[in-house]
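Let us walk through this predicted model. The interface between the chains comes before a look inside one of them.

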There are 2 protein chains.
Amino acid sequence: MSLNGEATGDPVLVVGSVALDSVRTPFGEVAGVLGGAASYASVAASFFAPARMVAVVGMDFPEAHVARLADRGVDLAGLQHSSGRTFRWSGYYEYDMNQAHTISTEPNVFETFRPELPQEYRNSPCVFLANIDPALQLYVLDQVRRPRLVACDTMNYWIESAREKVLEVLARVDVALMNDAEVRQLTGEVNLIAAARRVLDYGPGAVIVKKGEHGAVMLSRESYFAAPGYPLEEVRDPTGAGDTFAGGLIGYLARCEQSDDAGMRRAIICGSVMASFTVEDFSLNRLLRLSAEEIAERYHEISRITHFEGM
Amino acid sequence: MSLNGEATGDPVLVVGSVALDSVRTPFGEVAGVLGGAASYASVAASFFAPARMVAVVGMDFPEAHVARLADRGVDLAGLQHSSGRTFRWSGYYEYDMNQAHTISTEPNVFETFRPELPQEYRNSPCVFLANIDPALQLYVLDQVRRPRLVACDTMNYWIESAREKVLEVLARVDVALMNDAEVRQLTGEVNLIAAARRVLDYGPGAVIVKKGEHGAVMLSRESYFAAPGYPLEEVRDPTGAGDTFAGGLIGYLARCEQSDDAGMRRAIICGSVMASFTVEDFSLNRLLRLSAEEIAERYHEISRITHFEGM
């Protein structure tokens, strides 16, 4: 596949949060920047396939942020504008960039968000349910018509407060994306491989465990795949890495119209590549100035850094 | 290369500890079993090349343990028998097998250990300096004559208490093996890639960072390589994994008589394979009943689990 800058293939529906983030890291500080899982995921997906977003923002949401998403070709027919303030997250990272410290989370308009799908979105062949209340994820699944591929994310908060709903979602998706701590929390298994296998028992055809700097692994009933972290000497802001990974993954799967084991492996590498760009700068800054050539080059580089010959 | 069970190629000299270990994990408990870095490393190396060991044991060291090492073909001309008790380590692991908890460490005969190399060991082309006092590692280097390849390990204790000596060793070796915490501790860099690059500045041609369940990465001036952890659903006892990794690595390099980038990559996979067997049972039990076919099969499996096609 060559990325010629044009998004072809099946449309990808992304449902999740759009946020105004304030973030401090050892490399700088930003306030009120474009963030949220749906922003990262839909922009990442847009490099591979047409992306559609269902989310909500408040009246304070800058037009410039809307323009950024639209300029990337993200279809915003599903972006609701509600009275009130946009969802806001504020946090910081110390030198250990693997650990986000939350200062405050203001759900604001997200508190009453109902993801209503525009008619034309209901046939979306590929769906990514980003990390939101699993009851809303189920509400989305009730509206889409026989999607070819559904992937979901979740987080510790829902695993703890809405475990049964999380399990209901897992029973209805093809691909479950989680980080290592979440997989362990959900299953009570410390061994990551055993934990991932347990998640398969809940229903999804594949479980992808995101391990930050250590890469990602995929477990399905027939296969196991390990992808390395892309070696970056400077991570400026890890916010959105996991959502970007998911967006790159599902965008690739939509574009190549193939979701067998070989396709999933390539999609995981695309997700890793996209995430490696996101963390190079704050907000979506790096993604928004990314070229198809850079994606292809980094994909090839991951192939080089994992290559070895027979014994 | 085919492993026909016969160790050919250059001899490997291993210098380090032989210990009597008492270990408890969620899967069982053993007392006074064969352990120590030199035991794990020389046995792992012996599957690939002739292994020679320089270490010390006390009068309490069971003949059966000596016989086990000898049966694997490990040359024990350098194993000193001192009056006193053998080095003993006692510890346990909770469900998180990545974290060893030490109950007690008794250096015993190790306290006065001087690694004197038998004449015939001084021409050893490949040398592995396991984790011992860096002053002793230097003492070994003063005795060997132009080895083709020297690898070393170290640990947090020496980095803290004998930092200058650790740096002296690093300036004289080809391959530095460390775990992720040690690389960060030694360099003060949190970013693992930046930390590994800093270690290169100290002198070695390659740095290999062991990351436990997350595999290992190698950084040299020209290359970067990422090896996954072999996916095990049950780890019974992680003791000796890092030393086994090192032994498999240097054993392979000795056998293939090639230590360029491609050879190093294959050697890292061999190290990972050997370590993945060690943790399947207590002490060296799994290693001592391992076959060449099992090694080859698992090597091939790591190739399968990392494989992906072009984008």
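Start where the chains meet. Chain B brings 42 residues to the contact, and chain A brings 42 residues. Interface size is often expressed as the accessible area lost when the parts come together. Here chain B and chain A bury about 3500 Å² between them. Carbon and sulfur atoms carry 60% of that area. On the chain B side, the residues that lose the most area to chain A are Glu233(B), Phe308(B) and Met311(B). Together they make up 27% of what that side buries.

Now the polar side of the contact. Between chain B and chain A, 20 residue pairs are in polar contact, both residues being at pLDDT 80 or more. Four salt bridges cross the interface. Glu213(B) forms a salt bridge with Arg184(A), with the closest N and O atoms 3.1 Å apart.

Which elements of chain B give two or more residues to the side that touches chain A? They are α6, α7, β13, α9 and α11 of chain B. The most comes from α11(B), with eight residues. By class, this side of chain B has 24 nonpolar, six polar and twelve charged residues.

β2(B) pairs with β3(B) in the antiparallel sense over six bridges. The two form a hairpin with two residues between them. Thr25(B) has Gly28(B) as its bridge partner in β3(B). β2(B) also runs parallel to β6(B), joined by five bridges. There, Val23(B) stands opposite Gly91(B).

Definitions and conventions. Residues are numbered from 1 along each chain as its sequence is written. Chains are lettered from A and ligands numbered from 1 in the order in which they are written. This is a predicted model: local features need pLDDT of at least 70, side-chain atom pairs count only at pLDDT 80 or more; totals for chains, interfaces and linings use all residues. Side-chain values use heavy atoms; hydrogens and water are left out. Contact means heavy atoms within 4.5 Å. Buried area is the accessible area (1.4 Å probe) that two parts lose on being put together, summed over both. A salt bridge is a side-chain nitrogen of Lys or Arg within 4 Å of a carboxyl oxygen of Asp or Glu. A polar contact is a pair of N or O atoms within 3.5 Å; within protein, one must be able to donate a hydrogen and the other to accept it, and residues adjacent in sequence count only if both atoms are side-chain atoms. Helices (H or I, at least four residues) and strands (E, at least two) are DSSP runs, numbered from the N terminus. Ala, Val, Leu, Ile, Met, Phe, Trp, Tyr, Cys and Pro count as nonpolar, Asp, Glu, Lys and Arg as charged, and the others, Gly among them, as polar. Two strands pair if DSSP finds at least two bridges between them.
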